[in-house]
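Could you walk me through this protein, from its overall fold down to a few single residues? I would also like to hear about its pocket.

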Amino acid sequence: MIRVSVMYPSGEGKKFDHDYYVTKHMGLVQQRLGGLGLVRWEVDKGLAGGAPGAPAPFACVGHLYFKSVPDFQAAMKPHGKELFADVPNFTNITPQVQVSEIVGT
């Protein structure tokens with residue numbers, strides 16, 4: 001199982017519409033990738049950093065779960081451009097993407 005994490009770093013002047021992201025953007029992700037190997041998805045809203053009073057390093061992190069990297073790549077090939085074109089509708093943050101193998105739970 002792999003997890004694709006799309007991370008939106010927080011910071012001054014950065015904005016993020018969590019409602020749009022969860023209801024509209026992730027709805028679009030589910031519509032486009034749900035039949036192409038997407039197992040499930042999750043969204044984390046940053047609340048705080050690890051130290052008391054520290055700000056969250058990320059405003060939001062979206063997680064997409066697939067059985068394999070090839071499944072993820074095959075699902076994104078026809079829909080990746082459309083999904084990334086939606087980013088300006090909910091944020092001015094350039095996302096960072098990491099693909100990870102889940103090795104423990």
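## About the model

This is a predicted model, in which local features need pLDDT of at least 70 and side-chain atom pairs count only at pLDDT 80 or more, while totals for chains, interfaces and linings use all residues. Residues are numbered from 1 along each chain as its sequence is written, and side-chain values use heavy atoms, with hydrogens and water left out.

## Overall fold

Let's begin with the layout: the protein has two helices and four strands, and from the N terminus on they follow the order β-α-β-β-α-β. These elements are DSSP runs numbered from the N terminus, with helices (H or I) of at least four residues and strands (E) of at least two.

The C-alpha atoms fill a box of roughly 40 × 35 × 20 Å along the principal axes.

## Surface and contacts

Of the 105 residues, 36% count as buried; buried means under 20% relative accessible area, exposed over 50%, and partly exposed in between, with a 1.4 Å probe and protein chains only. The protein exposes about 6,300 Å², and carbon and sulfur atoms supply 54% of that area (Shrake-Rupley method, 1.4 Å probe; for residues, only the protein chains shown count as cover).

Among contacts (heavy atoms within 4.5 Å) with a separation of 6 or more, 75% join residues 24 or more positions apart.

## The largest pocket

The largest pocket holds about 170 Å³ of space. A pocket here is an open set of points on a 1 Å grid over the protein atoms alone, where a 1.4 Å probe fits, with protein on both sides within 12 Å along at least five of seven lines; lining residues have an atom within 4 Å of a point. Grid points are joined across faces, edges and corners, and the volume is the space filled by probe spheres set on the points.

Its lining comprises 16 residues, with V6, H25, L64, M76 and F84 nearest the centre. Two or more residues each come from β1 (2-9), α1 (18-33), β3 (58-66) and α2 (69-85), and α1 gives the most, with five. By class, 14 lining residues are nonpolar, two are polar and none is charged; nonpolar covers Ala, Val, Leu, Ile, Met, Phe, Trp, Tyr, Cys and Pro, charged covers Asp, Glu, Lys and Arg, and the others, Gly among them, are polar.

## Residues in the helix and strand

M7 sits in strand β1 and counts as buried because its relative accessibility is 15%. Beyond residues up to four places away in sequence, M7 touches F58, C60, V61, T94, P95, Q96 and Q98.

H18 belongs to helix α1. Leaving aside neighbours within four places in sequence, H18 is in contact with K45, A59 and C60. Between H18 and A56, 38 residues apart in sequence, the C-alpha distance is 15 Å.

## Residues in the loops

V39 lies in the loop between α1 and β2 (40-45) and is partly exposed, with a relative accessible area of 43%. Neighbours within four places aside, V39 contacts M1, Y65, F66 and K67.

E12 is in the loop between β1 and α1, and is exposed at 84% relative accessible area.
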